[in-house]
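Please look through the structure below slowly, and keep the sequence at hand while you read. The text goes from a pair of helices to a sheet and then to the helix beside it.

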Amino acid sequence: MAKVIEAKGLIKYYGASRGVSGLDFAVEAGEVFGFLGPNGAGKTTTIRLMLDLIRPTAGRIEVFGQDLRRSSVAIRARIGYLPGDLRLYERLTPREHLRYFAALRGLDGLGEGERLAERFELELDRPIRALSKGNRQKVGLVQAFLHRPDLLLLDEPTSGLDPLVQQTFNELLREVTAEGRTVFLSSHILSEVQRLADRVAIIREGALELVESVESLRARAFVRVEATFSEPPPAEAFAGLSGVRELERRGPVVLLALEGPADPLIKALARYEVLALDSHEADLEDFFLTLYRGGTSDAKRSEERRVGKECRSRWS
């Protein structure tokens, strides 16, 4: 498959503050690539680097096999972008707003805007300032899709949308990828990414923790077991059990990860009074929480301080 986006050793520092650090990943044509991380992890910084809105401190990123600095305008003509901090011309109606952006892209009328507005049930002739958050988000989505871009960069795209509109959005993404177009989907909503993405990257404190297919993550999934006891069991009640890890405690409720046969865990649970027991296969949220449970290592903090100091001295 052709690589639509390729980042190699991508670093961005804002003075001495970390943006992203050493990103290496590639996004292939026709896939939905999920980019996961909490606020401040570096998701928006990565998207802005892809758009050449900011420049990297080190490393490089190519889009459609082209260097961003040399071909920025041509590349952006093929991209649809929905920012996480969406700003609209509030004095205009959605129709006027979309017509303006369609004209900037050399389109007649609203391009795909009319059809998309109908699908999203967006009123085109009310002032934007009178619209709800969800309807403003619809305007942003239509604006991103209206010129049938080859690449969509979507930052928290379903923010404020009701469940029915989210379903329409999901259907639209499936149509886009069926046509061979590509979606880079940045989100902190784990269930959304798991449902839509072909592959997932998880970013933590500016660095990538993993890049894998959703199917691959599911294949190595553990079973999540939630046991509710009449009284909290001892802290070491399940330590040393083969294939069992304790994930979390909330009073008498203990969350456990099980890999392999269940018999050792069942026998350990039988030593205590169990009021309720629930289990299900781990999902993307479990992987995400496992990765984020540990703190930043001293070595990583030291490296971030060193790079930040170099950047500050270079720009001072």
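For helices, an axis is a line fitted to the C-alpha atoms over the stretch in contact, and the angle between two axes, taken between N-to-C directions, runs from 0 to 180 degrees. Two packed helices are described by the angle between their axes and by the distance between the axes.

In this predicted model, helix α3, made of residues 94-104, packs with helix α5, made of residues 133-145, at an angle of about 25 degrees, and their axes are 10 Å apart. That angle makes α3 roughly parallel to α5, because angles under 35 degrees count as roughly parallel. The crossing in which α3 passes α5 is right-handed. On the side of α3 the contact is made by P94, H97, L98 and F101, while α5 brings V139, V142 and Q143 to it. Sorted by class, this contact of α3 with α5 has five nonpolar and two polar residues, but no charged ones.

We can now turn to the sheet. Four strands form an open sheet, in which the order is β2-β1-β4-β5 and the pairing is antiparallel. Strands β2 (17-28) and β5 (66-67) stand at the edges and have a single partner strand each, so one side of each is left without a neighbour in the sheet. Strand β1, residues 3-14, runs antiparallel to strand β4, residues 58-63, and five bridges join the two; I11 stands opposite A58 in β4.

Finally, helix α1, which spans residues 43-50, lies across β1, β2 and β4, and runs at about 65 degrees to β2.

Conventions
Residues are numbered from 1 along each chain as its sequence is written. This is a predicted model: local features need pLDDT of at least 70, side-chain atom pairs count only at pLDDT 80 or more; totals for chains, interfaces and linings use all residues. Side-chain values use heavy atoms; hydrogens and water are left out. Two strands pair if DSSP finds at least two bridges between them. Contact means heavy atoms within 4.5 Å. Angles under 35 degrees count as roughly parallel, over 145 as roughly antiparallel, 65 to 115 as roughly perpendicular and the rest as oblique. A crossing is left-handed if the near helix is turned anticlockwise from the far one by less than a right angle, and right-handed if clockwise. Ala, Val, Leu, Ile, Met, Phe, Trp, Tyr, Cys and Pro count as nonpolar, Asp, Glu, Lys and Arg as charged, and the others, Gly among them, as polar.
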